[in-house]
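Hi,

Here is the structure I promised to pass on.

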Amino acid sequence: MKEETLVEKIAISLGIKPALLTTANIHEKMPALKRMAETYEKEAIALEASSLENRAKAFSPDTPAADRAHLMRQSSMDAQKAKTKANFAGTFLTQLGHFTTLETTMQIVDEMKEVGLMKSNMTVTDWQGAMDTMQDEIQQILTTSQKLGDVMGSVLTETSSGGTEIVDELDKLFAEYEAETDPVKKAEIQKKIEAKSNSVLA
C-alpha cells in the first residue's frame, strides 16, 4: 500500500481532498491557530498571577492559620495549570509557524505555475518534492494535533489522591512556621511547605 505523502496528510487533517488543497485552505486555518495561542497565553498569565497571589497570602501574617494550607495548595494547582496552558499556547504557536511555512511554500508553487515554471495542472502530489525540506516540521503538526486532545482532557484536574492528608500535613507545617521565631529555621519550614504543596500535583 502506497504511503501517504505529507501534503496529503495535511490535506486530510483539514478535511480536504489532497488534490483540492489550496493556499487559501492553509491561510484560513492560521487565524484560528493564532487566536488559540493568544487565548491560552492570557490564561497562563492569569493563572500564574493567581498562583503568586495565593502563595503570598499563605505566608502573610494577616492570613488566618486555618486558611494557609488551602491557599498554598491552590497556589500549586494554579501554577501547574499555568504551565499546562503555556504548553498549549506553545503548541498552537508551533503549529502556526508550520502553517506559515507551508503557506509560503504553496505560494511559491502558485507563482511558479503562474510564470510557467510548473504546469498548471500539476497535482499536490506532483509538487511534493518542493516540500521535502519541511518533512520533519509538518510531521510535528500531525503528532502534536493528535496528542493535543488527550492532553487537554487529562491534565486539567483539580483533584489528586491523598489531597486531604497533604492538607493536614500543610496545616501542621504552617503551625510550626508560625511558632518558629528563628528566621533561618522559619525559611527551612517554608521550603518544606512549598515542597509539600507541589507534591499534591505530582
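This is a predicted model: local features need pLDDT of at least 70, side-chain atom pairs count only at pLDDT 80 or more; totals for chains, interfaces and linings use all residues.

The protein's mean pLDDT is 77, with 69% of its residues at 70 or more. Among the elements, helix α2 (residues 23-58) comes out with the highest mean pLDDT, 92, while helix α4 (residues 135-154) has the lowest, 59. Go carefully with residues 156-163 too: pLDDT stays under 50 there, and the model gives that stretch 10 contacts beyond four places in sequence.

Now for the rings. How many aromatic pairs turn up in a search of the whole structure? There are 2. One is Tyr40 with Phe88, an edge-to-face pair with 5.1 Å from centre to centre and 70° between the planes. Tyr40 sits in helix α2 and Phe88 in helix α3 (residues 65-114), so this pair ties together parts 48 residues apart in sequence.

Tyr40 also pairs with Phe92, and here the rings are stacked: 5.8 Å centre to centre, with 10° between the planes. Phe92 lies in helix α3 and Tyr40 in helix α2, so the parts tied together by this pair are 52 residues apart in sequence.

Phe88 is buried at 2%, and Phe92 is buried at 9%. Put together, the ring pairs join Tyr40, Phe88 and Phe92 into a cluster.

Notes: Residues are numbered from 1 along each chain as its sequence is written. Side-chain values use heavy atoms; hydrogens and water are left out. pLDDT is the predictor's confidence in each residue, from 0 to 100. Helices (H or I, at least four residues) and strands (E, at least two) are DSSP runs, numbered from the N terminus. Contact means heavy atoms within 4.5 Å. Rings of Phe, Tyr and Trp (its six-membered ring) pair if their centres lie within 6.5 Å; planes under 30 degrees apart count as stacked, over 60 as edge-to-face and the rest as tilted. Buried means under 20% relative accessible area, exposed over 50%, partly exposed in between (1.4 Å probe, protein chains only).
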